[in-house]
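Welcome! Let us take a friendly walk through this structure, one region at a time.

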Amino acid sequence: MVCKTCENPAKTNKINRNMGLLSDPKKRQKILDVISKYNNHLSVLCYIAGVTWFLALAYQPLNARTYFSENALLPGLVENEFYPELDMEALVQEYNEQLQKEKKNVPRKWVADQFTALGLDTYIQNYTILYPLQLTRGQSVPGQNVYGILRARRASSTESIVLSMPLRQKESDMPSTTGSMVLMLALAKYFRQKPYWAKDIIFLATDHEQFGMQAWLNGYHEISSEYISPGDLMGRSGSIQAALNLEIPDSNLKHLDIKIQGLNGQLPNLDLVNLVVRLCQRERVEVSIHKQKDYYDAESVDGYKHSLKTMMKMMWSHASGIPTGNHGLFHRYHIEAVTIEGITKRKGHHISLAKTGRVIEGIFRSLNNLLERFHQSFFFYILPATERYISIGLYMPPFGLICAAGLIKAVALWIAISTRNSDDNSDSESKTSDSKEEKESEAKKEKEDAKQTDTDNEDEDAPEEASREGVSTVLPLILFSFLMGVFCFTGPEFVTTMSPSFRIGVEDTVFFGLLALFSACLLLPRTVAKKSQSTDKRLIFDWELLKSLGLIFQSLVLFSIALMNISLAFFLAVFIIPVTVITHPCKNRIFRWMQKILLLLLCPAVQIFIASMISTMEGKYKGSWDLIQKSFENMKHGLVLTILDRYLFGSWMYGVFCFAVLPTWLMFWTIVHCDL
Amino acid sequence: MSSYPLIFCTVSGIIIRLALFRTSLPDWISLQPEVSTPLTSWERAMEGIALKEYMISPYAGDLFHETPLVLRILGFMTSFSDNTILLMFVGLDALCLILMVKIANLYGGYLLKKQAKEVKRYATDCDTLIIKTEDLRIIQFYVIVAFSLNPYSIAACLAKSTAVFNNLSILFIFYFMLKENEYLCYLFIAMSAYLSIYPITLCVPAAIFFMQSSKFRKNKISDTEMSYTDSPALFSYCRTVGLCVVMVAALIGFSAFLEGSWSFISSTYGFILMVPDLTPNMGVFWYFFTEMFEHFRMFFICVFQINVVIYTVPLSVKLKEHPVFLMYILVSLICIFKSYPSYSDVGLMLSLLPLWRYAFEYMRNSFVVACMYICTTVFGPILYHLWIYAGSANANFYFATSLAFSTAQIFLITDLLYAYLRREFDLENGFKHLIREDGTKKQVILD
């Protein structure tokens, strides 16, 4: 390697061609020039192109039709023969009577008896849940799950499939699951007679919704946690390959709805979803995602609108990172699972329970064929219709474009900073050459150094004139932002240990505690402002550097989230990026206030409120005031639930907001407050 | 620059390590493949100690790969309570820090001496490039910051990675070399080589360095006049290499005496060289060899292992006048290409990086490299989680990040190399020749 000056441009080009972008100074300079000159245009272009492209993916010609990757599934190859011997209607009656008997409890005993009568290995799991945040004043809540194992005839119990359902008492506000119970019993009776099972089938009825399911899974995999003690599971089968959760009310079924979203935005393998859809179609049962059926003419404008709506609904519920059903907890254990929910309708054509049973029979016979765990098909996808999918390869480029809007701005700012610095350097260079100091001998230098250190000390004492620039002006702000994140993360536990003495509800404590912390965050720019010589406090720092770093950090956060939960990343990116890109301190008051208002609209607290408002809008409400009140209540409730999920299920949602979203937002909030 | 920031950074580094030991972070970090490799994992070390207590040779199985001397040191450490062990690890890090500060000081002195020697051949207009004492004091500060607040070093400390012994001995090499303490320097080269084989290449820069210093002491000649190939020089090289090899042999022999058998050779050095454990890590070996047909395995192992050390030859020809820099580059290359790299090595490499701060302004890719480092460091654990725990991603995702991480490191090293040479070039030729007649700047290219 030899350094040399090159005078012949032709020769330079020749060499450059081999050197690539990173070491080719000329091309690099060109790119840098383009970025620094047109960064605003480029950002806007990238953002608009990205969002349009992403939304356009819902249009049928732009996405792909689902297909089976896993050949072993052989969906629908066999004739489904489930015609129940049991009188289903009578069973529905009987179960409802049992529910009537004990209104506040679920009929576990009855379920266990039924399982035993059918000849399953029946066990009852006793577990206790200690709610965090003093929700139950330190008392643990007991619960029981009932499960029966049908041992496979053709294999030793090394693998199993789960058919599960939540037990719900009469007074529960959730729709009843009588249909699930009846179907489960009828199917268990039918499955037992068949010789072809190669995997154990576990029939599982869980209590306390997702808590019960988590307790069972913890127990099955022998995981103990601080809050859930699953007790001993007396009976076990092999490793669980797949699970199907049933939420079927009673016999007035209109169509079936598939719920896929799991904890932390994990989705089941697309093959499993395909399998359910395919078997429903085979039995002529209408199937939907998020209650949206497929549109008959998907290539029309209305068809596009319909798929877009489906996609948005899917992404909205995906973004929350909360499981939509009990199936969502299986994903964490590398078990593919979906929930089938029955949508009821009083009038019109009904699907019989037997037909639903045949769908489930088909699914289980396919799962029975599996040779290895689901691994072939996609795990990262978005569904705009039941039979169409947008894979990670399709949605990442537009998402990357949206993020590129922020990155381009960051690079442009970085270039601006580095040119500014090099200008400063050249200034100082010219100064030194003017003074014509000859520094040859070491002794001379040493003396000068002594002088220099003196001046250095003086510099430190002198008021910070140069404190406009440099990393040191920005570091404290970044540190404070993250510190606030840490406070928010540990806050709820702290305030709830104090709350019992104040006689305030847990929801209120958590909400107002966080609100107080958030107000402290809002005041952060004021508190860190330094007093300069003039009497008023002024906040001065290198805002360009902070903005550049903030934008890079933001892109990093968004990409990291996108790897796990593209929907959340998409919604965050779409709303945050335009505002953060335009944020800059300015002297004009109107602009400054507009920016502040825009940023306030995007702050995590308002984000959560808007999110809960949109979710409330899907339900019933009277008038806008009622809507606001209801969404406020929902927000408080949701906040506690999110924190609860963190402790009980290991949800990351709260952590992501505390350590990623809030600090980024705070950085930009301080940028607006920077005094020029 | 006053000493308060230095003390503040040191203390905050120690406090951060101690405080993070109280959280649940160490449990998680010690499971991360980037931090604890089969060679440096604390759990495996415990396994080895447990086996030894039951009078079973820890090398009989396939779990333990530390050298016998480290086994004894670890055995001594584990005789204390858990909290004391944590304190010991923080103490070892503090020792590293002290060594680094000393190295920074010594290196500053060395630089000034070297500069005084060479100043005659510098161009007249390159005043701004001349290093002054206060620059050196800043170097010291940056070294402290780069080590005590370095996330990679902190992670390695939290995971109780046993790579800290290797790092210490490499730091001792730098320290004794700059102190011109020949025999101790050789001893620690031998020690490092004993611990992880690859640092044996470091005897090349050491040989050059001590040859230079002995010649300089005798004849007072400057670098340019110095011959690197005359017979005294060759004799000096042979002496260094010979001494290092003898010391390594002595250490291995001593270990065999302690162990009572030679079985440890295959499960320590054999393990490093043959790469039987293909657990994912930040390196390039595992992915390649999982895909490899058994038939070609031996050949490609040779290729990959030669790749680690082959750069020693061209680099020592090119950088013969700068043996300390050569040594740093070699340490970094070993850290990138070794068979089981970990964050501990990265931490060492990045902490010593500020020593070359005076060349930083010539670096061209620092922004890109910094972004790559940050991104790959964040994406690594996420993709590992998605692959291993969630089962939704696969090995390719993780390998992509580890490859990007290695690329970032290579970019950093090549960029540093370029910057260093470019600065030397400017020192010799000055700035004037860079400006064309019409006033525009000429481009300098690397050929």
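Predicted model: local features only at pLDDT ≥ 70, side-chain atom pairs only at ≥ 80, totals over all residues.

Setting aside its neighbours within four places in sequence, A:Val276 is in contact with A:Ile258, A:Val338, A:Ile340 and A:Ile363.

A:Val276 also belongs to the largest nonpolar core, which has 173 residues. Together with A:Met184, A:Phe203, A:Phe399, A:Ala569 and A:Ala573, A:Val276 is listed among the residues with the most contacts inside that core. Which helix gives the most to this core? Helix α15 of chain A, residues 543–564, does so, with 14 residues. Apart from this core lies another, of 104 residues, and among them are B:Ala193, B:Cys203, B:Met327 and B:Leu421.

Next, look along chain A for the segments that UniProt, in an unreviewed entry, gives as "transmembrane region": residues 42–59, 398–417, 470–489, 510–529, 549–577, 597–617 and 652–672. Two of these spans can be followed in the model. Residues 42–59 of chain A are 83% helix and 0% strand, and the C-alpha atoms at the ends of the span lie 26 Å apart. For residues 549–577 of chain A the span is 97% helix and 0% strand, with its end C-alpha atoms 14 Å apart.

Finally, turn to the strands. Chain A has an open sheet of three strands in the order β2-β13-β12, with antiparallel pairing. Its edge strands are β2 (64–65) and β12 (381–385), each of which pairs on one side only. Strand β13 of chain A, residues 388–391, pairs with β12(A) in the antiparallel sense over three bridges. Where these strands meet, A:Ala385 has A:Arg388 in β13(A) as its bridge partner.

Definitions and conventions: Residues numbered from 1 in each chain as written. Chains lettered and ligands numbered in written order. UniProt positions renumbered as here; feature names shortened; annotations may be inferred. Helix = DSSP H or I, 4+ residues; strand = E, 2+ residues; numbered from the N terminus. Pairing = 2+ DSSP bridges. Core = buried A, V, L, I, M, F, W, Y, C linked by C-beta atoms within 7 Å. Buried ≥ 20, exposed ≤ 12 C-beta atoms within 10 Å, placed from the backbone. Contact = placed C-beta atoms within 7 Å.
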